[in-house]
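Hi,

Here's the structure I said I'd pass on.

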Amino acid sequence: MWYYEKKLQYPVKVTECNPRLAKYLIEQYGGADGELSAALRYLNQRYSIPDKVIGLLTDIGTEEFAHLEMIATMIYKLTKDATPEQMKAAGLGAHYANHDHALYYNNAAGSAWTATYIQAKGDPIADLYEDIAAEEKARATYQWIINMSDDPCLNDSLKFLREREVVHSQRFREAVEILKFEKDRKQFF
Amino acid sequence: MYTPIKCYQPYHGPFDPCPSRGTVCYQTPPNLYLGFQPPNLQQFPIQEALYKGTLWPALYDPYPTPLEKGAKR
Amino acid sequence: MKQATDPAKERYALMEKIQMVDFALVELTLYLDTHPQDTQAIQQFNQLAVESRDLKSAYEQRFGPLRQYGGSFSGYPWNWGDSPWPWQL
């Protein structure tokens, strides 16, 4: 089971009410390479992968939920006091018509999250390569959002999340190495 | 040693309507080069690691990549 | 370090310390998942786990429970649901 902890993994600060940025950030909330997809992808793959890497999938999958909460916090702070007029001007008119100020799992273009964003092939190497690719894609998405954002506080949190993708990719690459080698062989010398 | 960013000049045809973007760059983060992380790598102090996003300088990849002195993006 | 007197300031300062220690614990967890024989990293992990536990009990005495389902003790009345939640901080 999981335990909730009443804290964010990283402090999230936002400089100004800017629903435009929220519209882009939703990509990492309910988009194909977003944090929800990541968490569900890794936690779901655990049931059909060698025991040696189940711990890693569990721990990275769990961390992804902490990232999902950070993204939600950013969107919440950027939109909570925005007027319908401001939402409309930010390109969130269609979102407002359906959801008011509620968050929803869709991507920046408004398409709802779908399970087809994630894969589970049951082949350990195929699944770990998918995970490595997912981390690189999420890293790239953070770069594109950082390139468009002019909020220094928000960018600070986004840079943290981008760096986490680099570390996760590193660990998944190591997991592949572990599965490549004979049982119980030392991985470093 | 590796560089965290690579750049190239995309082909610009005489009938391309937009002015050329010039040099285009992409990131090549440290996880592409580190291999299986060796033990006992140097660490950031605990107070700093959070703000770097990693405990190990060997995995730290600031973005945007800091420009070399005098360079233009 | 300067002594913070404002309770809100104190909350953020203490929370930041917890975030720092817990972040190192996350990093070491993922590292140990692929390096299960690194004694030094395990030692550092266990030390930081003690530090984290101590920081959290100090925080909880001032600002209420952090962990769900019995991970933290409750005050009276039941104060688990008190604001602010993490996204409101």
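In which handedness of crossing does α3(A) pass α4(A)? The crossing is left-handed (left-handed being when the near helix is turned anticlockwise from the far one by less than a right angle, right-handed when clockwise).

Before the rest, some housekeeping. This is a predicted model, where local features need pLDDT of at least 70 and side-chain atom pairs count only at pLDDT 80 or more, while totals for chains, interfaces and linings use all residues. Residues are numbered from 1 along each chain as its sequence is written, with chains lettered from A and ligands numbered from 1 in the order in which they are written.

**Chain A overall**

Chain A has eight helices and zero strands (DSSP runs numbered from the N terminus, with helices being H or I of at least four residues and strands E of at least two). Its C-alpha atoms fill a box of roughly 60 × 30 × 30 Å along the principal axes.

**Helix packing in chain A**

By class, the α3(A)–α4(A) contact has 10 nonpolar, three polar and two charged residues (Ala, Val, Leu, Ile, Met, Phe, Trp, Tyr, Cys and Pro count as nonpolar, Asp, Glu, Lys and Arg as charged, and the others, Gly among them, as polar).

α3(A) also packs with α7 (residues 124–148) of chain A, at about 165° and with axes 11 Å apart. That makes α3(A) roughly antiparallel to α7(A), and their crossing is left-handed. Here A:A38, A:R41, A:Y42 and A:Q45 meet A:D127, A:D131, A:A134 and A:A138. This contact of α3(A) with α7(A) has four nonpolar, one polar and three charged residues.

α4(A) in turn packs with α8 (residues 152–180) of chain A, at about 165° with axes 12 Å apart. α4(A) passes α8(A) in a left-handed crossing. Among the residues in contact are A:H67 and A:M70 of α4(A) and A:L161 and A:R164 of α8(A).

**Chains B and C**

18 residues of chain C are in contact with 23 residues of chain A. The chain C side of that contact has 10 nonpolar, five polar and three charged residues. For chain B, 17 residues are in contact with 17 residues of chain A, and the chain B side divides into 10 nonpolar, five polar and two charged.

Chain C itself has two helices and zero strands. Its radius of gyration is 15 Å, well over the 12 Å that the globule rule gives for 89 residues, so chain C is more spread out than a compact globule. UniProt lists residues 13–88 of chain C as "domain: Protein CotJB" in an unreviewed entry (positions are in the numbering used here, feature names are shortened, and annotations may be inferred rather than shown by experiment). Over residues 13–88, chain C is 62% helix and 0% strand, with the end C-alpha atoms 16 Å apart.

Cheers

How values were computed
Contact = placed C-beta atoms within 7 Å. Axes fitted to C-alpha atoms, helices over the stretch in contact; angles between N-to-C directions. Parallel < 35°, antiparallel > 145°, perpendicular 65-115°, else oblique. Rg over C-alpha atoms; globule rule 2.2 N^0.38 Å.
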